[in-house]
Amino acid sequence: QQVEAFDLVIFGGTGDLSVRKLLPAMFHRFVDGQIDKHSRIIGVARSEHSDDSFRKLVHEAIAKATKDAASKDINAFLKMIHYRALDGGKDEGWEEFAQFMGQEADHVRVFYLSTSPSIFSDLCKRLGDHKLNEGKARVVLEKPIGTDLSSANKINDDVAKVFQESQTYRIDHYLGKETVQNLLALRFGNALFEPLWNAEHIEHVQITVAETVGVGHRAGYYDGSGAMRDMIQNHILQLLCMVAMEPPASLAPDAVRDEKLKVLRSLKPITATEAPHTTVRGQYRAGASEGGSVPGYQDELGRPSNTETFVAIKAEIGNWRWAGVPFYLRTGKRLPERLSEIVVTFKAVPHSIFGADAGALAQNRLVLRLQPDEGVKLWLTIKNPGPGGLKLRHVPLDMSFLEAFGIGQLPDAYERLILDVVRGNPTLFMRRDEVEAAWNWADPILDAWAASGDAPKLYTAGTWGPSASVALIERDGHTWNEDN
Ligand code: BG6
């Protein structure tokens, strides 16, 4: 269904995220007929571009990102594209920009801040000074919001001087991924899982977001961030919330966000004494990845660094539902596969009626694959078919969404989320208190790491991180999931 005509202003319009994700996402929605051609997409950055030269850049970006770039739609799409050069730190050009935007109060305007968070405050102030925050204006804040609780508070306070909370959309694109939303359907649309979804029946949960890519040209940003701030504080904690939250009363934005917040506030703090046992930091050194040899993180950066490119954490949620259930979280760059998954392992049956000859009984496992090949796999124990007596076998009920529904490609998370902003639906966006609760848990871990002065443990690019990550989970008698 088409959404109402809108203006989308992308600050950081020539940047990596805009070019690789946001602009191709808008093109896909346009091709699907969801975007009214009276909408405008306006790239803003400090560099000089004409509308035409920016359109050329957009065209090239779309050609790289999609096979449809040669379609008849591309010219109509490019007509919607504009460019304005602006600097959040200078007055120059803002008056003209405000005129260009116009003052129709009932027109949806989305200001997407795809820039370093250090200039969010300046940009919001200028938008406010020129009354661009009025009517149906919305602001989208890319993660990470700050680098700790106090810097996040400062940014949120500055944004709040100009935009109300209801106009503020803090994006976490993992919430736009198909499987993450499917988790809502799976948990709350089936009678099967919910009665078992607790400490009585679930032994442990694993959340892995593994990437094969290195940090490459993003090293400038990444070195000040590291895997904890880049992935755990936001994407992985949001996944954990979707797995662990209580059933919300409805899908109303605050019903869902209230439940997620309760999970974040129930996370057990990890103290400086516990951190060496329940957390692992790693950094990749040179190795083999993506079919060739690749440099180590510090070689890419060109200087020594203690920033982590891998984190594994044993987290716990201190509430009735989850008491004693470990949530093992793991993410890293330059791992052997691009793989994101949530694995829920159920407890063993209480008593085996099968003799030793039947083979070992395995525990049920539910694997939610976020990427690649989005889908759901439920591992069951069955009898090995045919003669040979009662021998047990562990097999998956395996559903790939693409295969099951015969669709070519699932929409990218940004496609759904940007249109949700236009529709004014913040269900899949983080509320301020969620961001704060997430930092509140992450800060003491970051502080403990900084205070210890220990360097991250090196791992060879193309391997599953430092061996300490394996030890972290094996100490508890479990192993990282390997059946993909
Ligand atoms: C971004 C991180 O938020 O998510 C990147 O900043 C990371 O470092 C990316 O590569 C992963 O997203 P996806 O959708 O490719 O799994």
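The largest cavity is lined by Lys 143, Pro 144, Ile 145, Gln 233, Asn 234, Met 430 and Val 435. This is a predicted model, where local features need pLDDT of at least 70, side-chain atom pairs count only at pLDDT 80 or more, and totals for chains, interfaces and linings use all residues. Residues are numbered from 1 along each chain as its sequence is written, and side-chain values use heavy atoms, without hydrogens and water.

A cavity here is a set of points, on a 1 Å grid over the protein atoms alone, where a 1.4 Å probe fits but cannot get out; lining residues have an atom within 4 Å of a point.

Let's turn to the annotation. In an unreviewed UniProt entry, "binding site" covers Arg 46 and Lys 143; such annotations may be inferred rather than shown by experiment. From this set, Lys 143 belongs to the lining of the largest cavity.

Lys 143 sits in the loop between strand 5 (137-141) and helix 6 (149-160); helices (H or I, at least four residues) and strands (E, at least two) are DSSP runs, numbered from the N terminus. Lys 143 counts as buried because its relative accessible area is 16%, buried meaning under 20% and exposed over 50% (1.4 Å probe, protein chains only). A polar atom of the Lys 143 side chain lies 3.1 Å from the backbone oxygen of Asp 230.

Arg 46 lies in the loop between strand 2 (40-45) and helix 2 (51-65). With 66% relative accessibility, Arg 46 is exposed. Beyond neighbours within four places in sequence, Arg 46 contacts (heavy atoms within 4.5 Å) Tyr 83, Ala 85, Leu 86 and Asp 87.

Conventions: 1 Å grid on protein atoms, 1.4 Å probe; cavity = no way out; pocket = protein on both sides within 12 Å on 5 of 7 lines; lining within 4 Å. Polar contact = N/O pair within 3.5 Å; in protein donor to acceptor, adjacent residues only side chain to side chain.
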